[in-house]
Amino acid sequence: MSGAATVRPRPTVPAGAPTAPVPTGARRGLEIRGLVKEYVPGQPVLRGIDLDVAPEGITAVIGPSGTGKSTLIRCINRLVEPTRGEIRLHGEALTGLRGRALRLARRRIGMVFQEYNLVERLSVMENVLCGRLGYVPVWRAWLRRYPAEDIERAFALLDAVGLPDHATRRADALSGGQRQRVGIARALMQRPELLLADEPTSSLDPKTAVEVLELLARLTAEAGVPVIVNIHNVELAKRFAGRIVGMAGGAIVFDGPPEALEPVHLRQIYGGEDWL
Ligand SMILES: Nc1ncnc2c1ncn2[C@@H]1O[C@H](COP(=O)(O)OP(=O)(O)OP(=O)(O)O)[C@@H](O)[C@H]1O
Ligand SMILES: [Mg+2]
């Protein structure tokens, strides 16, 4: 680690705190130890990642294309199976879980995607309610019979993301920025204990990207949900994250607050200097 910096997560505002209550002592955040991922045996993409993420604030992961940022995020929610290592959320192992235990663990982790991953032919409201799929019995979701409190909360979240009048529109009728707002509402609908975002603004214009990140930062701070966000735009990472993790070659080479990230670190992360 070349960033001498200590980690300083952003302070959060405990407004509304919609996360499931976790005993204070148990809120240890995310602990990753010795995480290795080899898609091809003997060719590690992640080379023994150790990372602790506090149970609050935004952590931005930056690094060149192909360095394993998405792999890291996907190992956390087990969309990708880690080859070795341990991942714990508030002390509970996420690695090694199967079946129902894995489904229960996954619903604790919200996800926001670059390409939004909405169900295009469903309404905005139904997409937000999809965030409850891990909670309601399948037959209820299938019959679209969500509890009244879920529907109330979905409306409140649509309000919070600035789409109060869009509940009945089809997802495919929305702009990219609106879709990502729905993606954020859906993730929060899950009442996650951790939110993972993989390039959430890469498909958006610069102004919309800032607006979406502002929204993500505000709502997750209010909810007390920590965020790990993969992001290519270093300026945006510095603006919105309290902590920057720089990856290169499948390892962490910088870890510290945005103000500690100097050109020397960027050269180490991205290589070369002509582009600086
Ligand atoms: N499913 C897969 N099977 C085999 N190799 C994969 C798979 N997914 C990713 N890889 C390889 O793992 C490496 C890391 O990929 P990953 O997508 O994690 O990088 P990234 O840092 O997210 O890149 P980008 O910034 O372009 O999104 C790359 O070499 C990629 O080709
Ligand atoms: Mg990626």
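The chain exposes about 12700 Å², and carbon and sulfur atoms supply 53% of that area. Accessible areas come from the Shrake-Rupley method with a 1.4 Å probe; for residues, only the protein chains shown count as cover. Of the 276 residues in the chain, 52% are buried. Buried means under 20% relative accessible area, exposed means over 50%, and partly exposed lies in between (1.4 Å probe, protein chains only).

This is a predicted model: local features need pLDDT of at least 70, side-chain atom pairs count only at pLDDT 80 or more, and totals for chains, interfaces and linings use all residues. Residues are numbered from 1 along each chain as its sequence is written, chains are lettered from A and ligands numbered from 1 in the order in which they are written, and side-chain values use heavy atoms, with hydrogens and water left out.

How confident is the predictor? The mean pLDDT of the chain is 88, and 87% of its residues reach 70 or more. Residues 1–20 have pLDDT below 50; beyond near neighbours in sequence, this stretch has 51 contacts in the model. The pLDDT is the predictor's confidence in each residue, from 0 to 100, and a contact means heavy atoms within 4.5 Å. Where pLDDT is low, the predicted coordinates should not be read in detail.

Now the fold. The chain has nine helices and 10 strands. Helices (H or I, at least four residues) and strands (E, at least two) are DSSP runs, numbered from the N terminus. Among contacts with a separation of 6 or more, 71% join residues 24 or more positions apart. Ala251 and Ile49 show such a pairing: they are 202 residues apart in sequence and 6.2 Å apart in space, C-alpha to C-alpha. Ala251 lies in strand 10 (residues 251–256). Not counting residues up to four places away in sequence, Ala251 touches Ile49 and Gly246. Ala251 counts as partly exposed because its relative accessibility is 25%.

Next comes ligand 1. Its surroundings include Tyr39, Val45, Pro64, Lys69, Glu199 and His232. A residue is near the ligand if one of its heavy atoms lies within 4 Å of it. By class, this shell has three nonpolar, seven polar and two charged residues. Ala, Val, Leu, Ile, Met, Phe, Trp, Tyr, Cys and Pro count as nonpolar, Asp, Glu, Lys and Arg as charged, and the others, Gly among them, as polar.

Several atoms approach the ligand. A polar side-chain atom of Ser65 lies 2.4 Å from an oxygen atom of ligand 1. A backbone N or O atom of Gly66 lies 2.8 Å from an oxygen atom of ligand 1. A side-chain N or O atom of Tyr39 is 3.4 Å from a nitrogen atom of ligand 1. Taken alone, ligand 1 exposes 630 Å², and the protein buries 56% of that.

Helix 1 (residues 69–76) gives the largest share of the shell, three residues. Six of the eight residues in helix 1 are buried. They are Lys69, Thr71, Leu72, Ile73, Cys75 and Ile76. Just after helix 1, Arg78 takes a positive phi of about 65°.

Two loop residues also have positive phi. Glu199, which is part of the ligand shell, has a phi near 50°. Glu199 sits in the loop between strand 7 (194–198) and helix 7 (206–223). Glu199 counts as buried because its relative accessibility is 8%. Tyr116 has a phi near 70°. Tyr116 belongs to the loop between strand 6 (109–113) and helix 3 (124–129). Tyr116 counts as buried because its relative accessibility is 8%. Most residues other than glycine have a negative phi.

Note on methods: Polar contact = N/O pair within 3.5 Å; in protein donor to acceptor, adjacent residues only side chain to side chain.
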